Amino acid sequence: MGRSLTVVGLGNIGSHLVPLLGRMPEVDRLVLVDKGRYDRSNLYTQSMTPGEAGKSKARVQGLRLERTRPALDVAVVGRPVEEVPLGQLRADVILACVDSRAARQYLNQAARRLGVSLIDAGVLSDALLARVSVFAPGCDHACLECTWDQADYDAIEQTYPCRGDAPDAASTGAPAHLGALAAAVQALECQALLCGRTRPAHGSFEVVVDAASRRQHVTRFVRSAACRLPEHEPWDIRRLLDAPEQVTARQALVFGSPGGPQSDARLSLDGIPFVTGLRCLGCGRHVPTLALRRSITARACRSCGGRLTASGADLASCLALDTLPVAPCGQSLQSLGFEAGDVFTIRRGDRARHFELDGGGSGRRPPARKA
Amino acid sequence: MHDKILSAFLTRQFEEGMALARESDLVELVPIGTHPPQRYLARFRCRGLCRSDDGSIAEMDYAEVGICFPDEYLRRTDPYQILMWLGPSNVWHPNISDKAPIVCLGRLGPGTRLVDILYQLFEIVTYKRFATDDALNHDAAAWARQHQDWFPVDPRPLKRRVITLRIEPPPAEGGAR
């Protein structure tokens, strides 16, 4: 049976990794995720040509794969990984080749939720180091955050209310050959997982290739009791046959509490709050709304052109029947910003149930654009 | 609460925050919700600046800020979710919006302690610290650049200074009556 892979980040490492994965006979499906576009400054560090400058990284790599191996099923997603529905990331292995620490943290969480292995790669150009970390799923094995300390958390990119959006992580500027080295090691570890040479029972580990001294170091990671990611076990996700436009907020709340009163049920999407209103920083105008923050695109005030933003008073981590205005109960999840492949959670007291909206995951095609 | 690490963190913040409030004349801390609290109301009794109805800049003597520690606080922070400016609404400060309940402390990393947030808020309110370039209130930033001799508006420390006084009895005088 063919295996599926998700690759996130198509820069210094990812652009070299994709053709290696595309040539693995055991792989029959690849999901490519990157919000960026190639530009001419990437010519010397990433696998791209001058003619590809200005084009979407995900689309460029998808088209290349189509030429290399036409039978391969490729889906491309050109948006920030934190906004991609969890079901669309589902694969046998997730491969992270990202600069951003926030994106790595998000992918670690996604891999844990889905119960799949994560292979994370990075380079340190000054020291000529290529690093590949393999994180096995399951509650007994270390995750990425088990290896983090406060300094790692302090280095996470952040949004500043004074500045608006979060800055992008700085590019490593590593030479192409170092990125290609990390990609090759990452591909080797991926194939070892797919072929069963490495099993989840082997636990989590890291391979560092020191190209300067021509040495390799392997470190085993152990599960940290102080890990800040509270849930290491995979989510039990029930896959619905309904698309987001076919499910109302009320129906979603009923899914999670069959037969019982739904008044205390809470609807949420992992890590993405609901926006209940936007306020203009220029004129103070308040615009009532109800949608997931991910789906809010209007950022400029119609009256004065000032920046629209949601303050803490306008954010809600979950929706409940007893707090919902009447109208949104009958609204479809799509109109609230939910997408195919989203995994929403219904929480009642301490119990949480997870449901995936139709359209995501292996076996069924996600709505991502075909390359 | 299921997350023992977050629960221990919140308990520590409660103890440290309340201890600071006890030792300060300038901040009052009101925990909200069940123990360990995830929300606080911080009331500052220090001097700051506000804009009067006639447009002049005047002193104010109180400020209220809501502080929330979401479930993910130890892993990632969203300043919009953590801090909420509650008043006065006519506050005059580059880091505080006068149009929305938003205050910007600059970087607020995951797991930042409650007392650090209180100190930073105090420094903002009293103009010990303010943004001159990236600002939520650009008019206040421009004004502040030209009136730096006004600052800080309140030089008092947040935590009451402890001065140990030892009073010794006067030396005994022989034959004192």
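Buried means under 20% relative accessible area, exposed over 50%, and partly exposed in between, with a 1.4 Å probe and protein chains only. The model is predicted, local features need pLDDT of at least 70, side-chain atom pairs count only at pLDDT 80 or more, and totals for chains, interfaces and linings use all residues. Residues are numbered from 1 along each chain as its sequence is written, chains are lettered from A and ligands numbered from 1 in the order in which they are written, and side-chain values use heavy atoms, with hydrogens and water left out.

**Exercise 1. Cysteines**

Task: Determine how many disulfides a search of the whole structure finds, and state whether C301(A) counts as buried or exposed.

Solution. Begin with the criterion, by which a disulfide is a pair of cysteine sulfur atoms within 2.5 Å. Over all chains, the search finds 0 disulfides. C301(A) is accordingly in no disulfide, and the nearest cysteine sulfur, which belongs to C280(A), is 3.7 Å away. Turning to accessibility, C301(A) counts as buried because its relative accessibility is 5%. In chain B, C104(B) is buried as well, since its relative accessible area is 2%.

**Exercise 2. A covered strand and its neighbour**

Task: Describe how strand β3 of chain A is covered, and trace the path by which the chain reaches β3(A) from β2(A).

Solution. Elements are assigned first: helices (H or I, at least four residues) and strands (E, at least two) are DSSP runs, numbered from the N terminus. Strand β3(A), residues 73-77, is mostly covered, with 5 of its 5 residues buried. Taking the faces in turn, D73(A), A75(A) and V77(A) are buried on one side, while V74(A) and V76(A) are buried on the other. For pairing, DSSP must find at least two bridges between two strands; here 5 bridges join β3(A) to β2(A), residues 27-33, and the two run parallel. Within this pair, V76(A) has L32(A) opposite. From β2(A) the chain passes through helix α2(A), residues 57-68, to β3(A), in a β-α-β crossover that is right-handed, a term that applies if, with the strands pointing away from the viewer, the path from the first strand over the helix to the second runs clockwise.

**Exercise 3. An open sheet**

Task: Give the strand order of the open sheet of 5 strands in chain A, and identify its edge strands.

Solution. The order is β9-β17-β16-β10-β15 in chain A, and the pairing is mixed. The edges are β9(A), residues 237-239, and β15(A), residues 319-320, each of which pairs on one side only. Further in, β10(A), residues 266-269, and β16(A), residues 343-348, run antiparallel and are joined by 4 bridges. R266(A) has R347(A) in β16(A) as its bridge partner.

**Exercise 4. The interface**

Task: Characterise the interface of chain B and chain A by its contacts, its buried area and its salt bridges.

Solution. With contact taken as heavy atoms within 4.5 Å, 28 residues of chain B are in contact with 37 residues of chain A. Buried area is the accessible area (1.4 Å probe) that two parts lose on being put together, summed over both; between chain B and chain A this is about 2800 Å², of which carbon and sulfur atoms give 55%. On the side of chain B, R75(B), Y80(B) and R107(B) lose the most area to chain A, together 28% of what that side buries. Finally, a salt bridge requires a side-chain nitrogen of Lys or Arg within 4 Å of a carboxyl oxygen of Asp or Glu, and the rule finds 2 across this interface. The side chains of R75(B) and E145(A) also meet in a salt bridge, at 2.5 Å from N to O.

**Exercise 5. Backbone geometry**

Solution. As background, most residues other than glycine have a negative phi, and most peptide bonds are trans. Another cis bond runs from G87(B) to P88(B), with omega near 0°. Phi is positive for R214(A), near 55°, and for Y127(B), near 65°.
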